[in-house]
Amino acid sequence: MRYVPPADVAEALRVQEELRSRVNLVGPGPTAPATVAGLDVAYAEGGDRLAAAVTVLDAATLTVVDEAVSVGRPAFRYVPGLFAFRELPALLDALDRLTVRPDLLVCDGHGLAHPRRFGLACHLGVVTGLPTIGVGKTPLVGEWAEPGPERGAWSPLRDGGEVVGRVLRTRDGVKPVFVSVGHRVSLDNAVDRVLALCPRYRLPETTRTADRLCRRALATAPA
């Protein structure tokens, strides 16, 4: 679907409410994707410029097979709960520059685990139509018990009595990550896909490669 930036906070809230009903939380989504894309955004000091990066990885080898970046300005002012509106235009521009269409998107951020159950991963999934997962380094909402110390251990992330994601240990003894459904993926499958993308480090290789690309692009872009 075509993305139209909101004019103000009231319109952004209306857009979230409207699009939230279109989110597919069942999936199950691809269990053996050929390609998986990571999406991340880096901000310049002061927050007035950003670089949005997408890296597409071969799901079997985790090597980068395509990448694209978009450098520009945040598209919306900072408002808690509406952060996706700042980054969506640049991320969509970067996705449009790809030559390989990914089977799955993995966002550095949240999906259902959002105060209004419509985080960046949900928004990107609905707009692009692609299966999407959110993987956050820190929680945005919810309560949880510490999962076991071993790789693959998890506990439910609950908010207001609702399970909105899982707290997942991707490496033995390291801090967990926060996995939530974005669009067209089941939570079980989302966890399996994230573990497959974390053979050596806490964060998925999709996030690591996209993070490096957007930081490099921001550092080398003209002021």
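**Entry 1: ground rules.** Helices (H or I, at least four residues) and strands (E, at least two) are DSSP runs, numbered from the N terminus. I'm working on a predicted model, where local features need pLDDT of at least 70 and side-chain atom pairs count only at pLDDT 80 or more, while totals for chains, interfaces and linings use all residues. Residues are numbered from 1 along each chain as its sequence is written, and side-chain values use heavy atoms, with hydrogens and water left out.

**Entry 2: the whole chain.** I looked up the helices and strands: the protein chain has 5 helices and 8 strands. Reading along the sequence, I get α-β-β-β-α-β-α-β-β-β-β-α-α. The radius of gyration (taken over C-alpha atoms) is 16 Å, close to the 17 Å that the globule rule gives for 223 residues, so the chain is as compact as a globular protein of that length. That rule is 2.2 Å times the number of residues to the power 0.38. I also noted the box that the C-alpha atoms fill, roughly 45 × 40 × 30 Å along the principal axes.

Entry 3: Buried means under 20% relative accessible area, exposed over 50%, and partly exposed in between (1.4 Å probe, protein chains only). Of the 223 residues, 52% count as buried.

**Entry 4: H2 and H3.** How do the axes of helix H2 and helix H3 cross? I found that H2 (residues 84-96) and H3 (residues 120-128) have axes that come within 11 Å and cross at roughly 45°. Axes here are lines fitted to C-alpha atoms, for helices over the stretch in contact, with angles from 0 to 180 degrees between N-to-C directions. H2 and H3 are therefore oblique to each other (under 35 degrees is roughly parallel, over 145 roughly antiparallel, 65 to 115 roughly perpendicular, the rest oblique). For contact I use heavy atoms within 4.5 Å. Residues of H2 including Phe85, Leu88 and Leu92 meet residues of H3, among them Leu120, Leu124 and Val127.

**Entry 5: two residues.** I found histidine 183 in strand S8 (residues 177-183), and it is buried, with a relative accessible area of 7%. Leaving aside neighbours within four places in sequence, histidine 183 is in contact with residues including Arg22, Asn24, Val126 and Pro131. Threonine 220 sits in helix H5 (residues 205-220) and counts as exposed, at 63% relative accessibility. I also checked threonine 220 against glycine 161: they are 59 residues apart along the chain, and their C-alpha atoms are separated by 46 Å.
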